[in-house]
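Hi everyone, thanks for coming. Please have a look at the picture while I walk you through a few places in it.

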Amino acid sequence: MRRRRAAVAAGFCASFLLGSVLNVLFAPGSEPPRPGQSPEPSPAPGPGRRGGRGELARQIRARYEEVQRYSRGGPGPGAGRPERRRLMDLAPGGPGLQRPRPPWARPLPDGAPGWPPAPGPGSPGPGPRLGCAALRNVSGAQYVGSGYTKAVYRVRLPGGAAVALKAVDFSGHDLGSCVREFGVRRGCYRLAAHKLLKEMVLLERLRHPNVLQLYGYCYQDSEDIPDTLTTITELGAPVEMIQLLQTSWEDRFRICLSLGRLLHHLAHSPLGSVTLLDFRPRQFVLVDGELKVTDLDDARVEETPCAGSADCILEFPARNFTLPCSAHGWCEGMNEKRNLYNAYRFFFTYLLPHSAPPSLRPLLDSIVNATGELAWGVDETLAQLEKVLHLYQSGQYLQNSTASSSTEYQRIPDSTIPQEDYRCWPSYHHGGCLLSVFNLAEAVDVCESHAQCRAFVVTNQTTWTGRQLVFFKTGWSQVVPDPNKTTYVKASG
């Protein structure tokens, strides 16, 4: 009976979510004014509800002002004169293309701040902004996941590109709890949507290779709520720690280096030092092996005010840290240190040292220990991670570690061994032993260290650091032609 009830509940939730995304994707597109206008007060709650109209309006106003503060503050990308063109004028087809103005398209009022800030010259991005027109003929809509506020869907645009769509989750915690308290669905939607707006402006203001790209957005009616917001972003793969632990050290190091570069950018961003209050692996995605932060609605820019060091305590489940209070009344480096310790406890301690080249382990251990004790800031942490990259990419880590082998190997150009695989860990290929090497000497050294290795095949494929990928084999009973590979076999047989 419990299983049957659970199945019915799961089916109901799935159908509700599917209906929500279909409404978002296929409702007639509209372009109401961007959020530069003051939010309207919400209707009064029904009888017996806790809270009131004034409290809900106050919360909406507070979130609205936070978004506006981030959109205007600092000299970052998009700052300057407000963008006055309508979003649909930036859709594919080229700016300046004349289109009839439908009755629902109202112009921005004079003095309204641009939303979101327009990309500056030379800034990264996909080109013209995507708008509602891009969502009218999408295909392959798939539910990816949801949190307290937002739901994420994967869709394919008419041109074939896959993107992520984010929208307020109509069955989510934030909207549901607000409706239960205030009894005002539209006002509660606006409250929740301001978290999506905040994330949208931060994605724009904090542009960086390790911040998810914002491609565009769309306002349209959905269900019984007008002017719902959908953001269009780069699509990434969820971070699965168990899977990452089974990947090569080189790929795991890339994730840690990406994180170090991101934290350095957040500590020195155009908005000031940014901290991620909700810092967990689920807030990040992987795009072509690079780690990118995707969830910014719980980010904070303001440092913590203090009257003394007792006000500057960083609390974590395992331990606490006390930071100094500056003469200006702010906790010194609290945003930066919170990010750094979270990077240590969620990523560095698991991904950095294990199965690393032996000569690099002392340096990697020092990085893990220093971040775990908050002995370094993000500048020093990134400098040490970049040093590891240099040693690894240049082959300097091999000095005095690769012994010259007395075994001779016969070179067979333009050939490969299609079978005779064995498994090793960690490998880029689950069915065989595929590893990266800096040069031929390291490939020989790896083969000599594996008892079952009798030959190896050097491919023309390289990793993100430029290292060669090599298959290691148990023998060479069948060698076949392949112009993209070179086979080496033990001359002694």
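Before going on, some ground rules. This is a predicted model, where local features need pLDDT of at least 70, side-chain atom pairs count only at pLDDT 80 or more, and totals for chains, interfaces and linings use all residues. Residues are numbered from 1 along each chain as its sequence is written, and side-chain values use heavy atoms, with hydrogens and water left out.

Back to Glu420. Its relative accessibility is 22%, so Glu420 counts as partly exposed; buried means under 20% relative accessible area, exposed over 50%, and partly exposed in between (1.4 Å probe, protein chains only). Which residues does Glu420 contact, leaving aside neighbours within four places in sequence? They are Lys473, Thr474, Gly475, Trp476, Ser477 and Gln478, where contact means heavy atoms within 4.5 Å. Lys473 is 53 residues away along the chain, yet the two C-alpha atoms are separated by 5.6 Å. With Ser477, Glu420 makes a side-chain to side-chain polar contact at 2.6 Å. A polar contact is a pair of N or O atoms within 3.5 Å; within protein, one must be able to donate a hydrogen and the other to accept it, and residues adjacent in sequence count only if both atoms are side-chain atoms.

Now the backbone. Glu420 has a positive phi of about 55° although it is not a glycine. Asp227 also has a positive phi, near 60°, and is not a glycine; you will find Asp227 in strand β6 (residues 225-233). Asp227 counts as partly exposed because its relative accessibility is 33%. Pro426 is in the loop between β14 and β15, and a cis peptide bond joins Trp425 to Pro426, with omega about -5°.

Finally, how confident is the predictor? Mean pLDDT, the predictor's confidence in each residue from 0 to 100, is 79 for the protein, and 76% of its residues reach 70 or more. Over residues 1-50 pLDDT stays under 50, and the model has 103 contacts beyond four places in sequence for them. Residues 74-127 have pLDDT below 50 as well, with 106 contacts in the model beyond near neighbours in sequence.

Technical notes: Helices (H or I, at least four residues) and strands (E, at least two) are DSSP runs, numbered from the N terminus.
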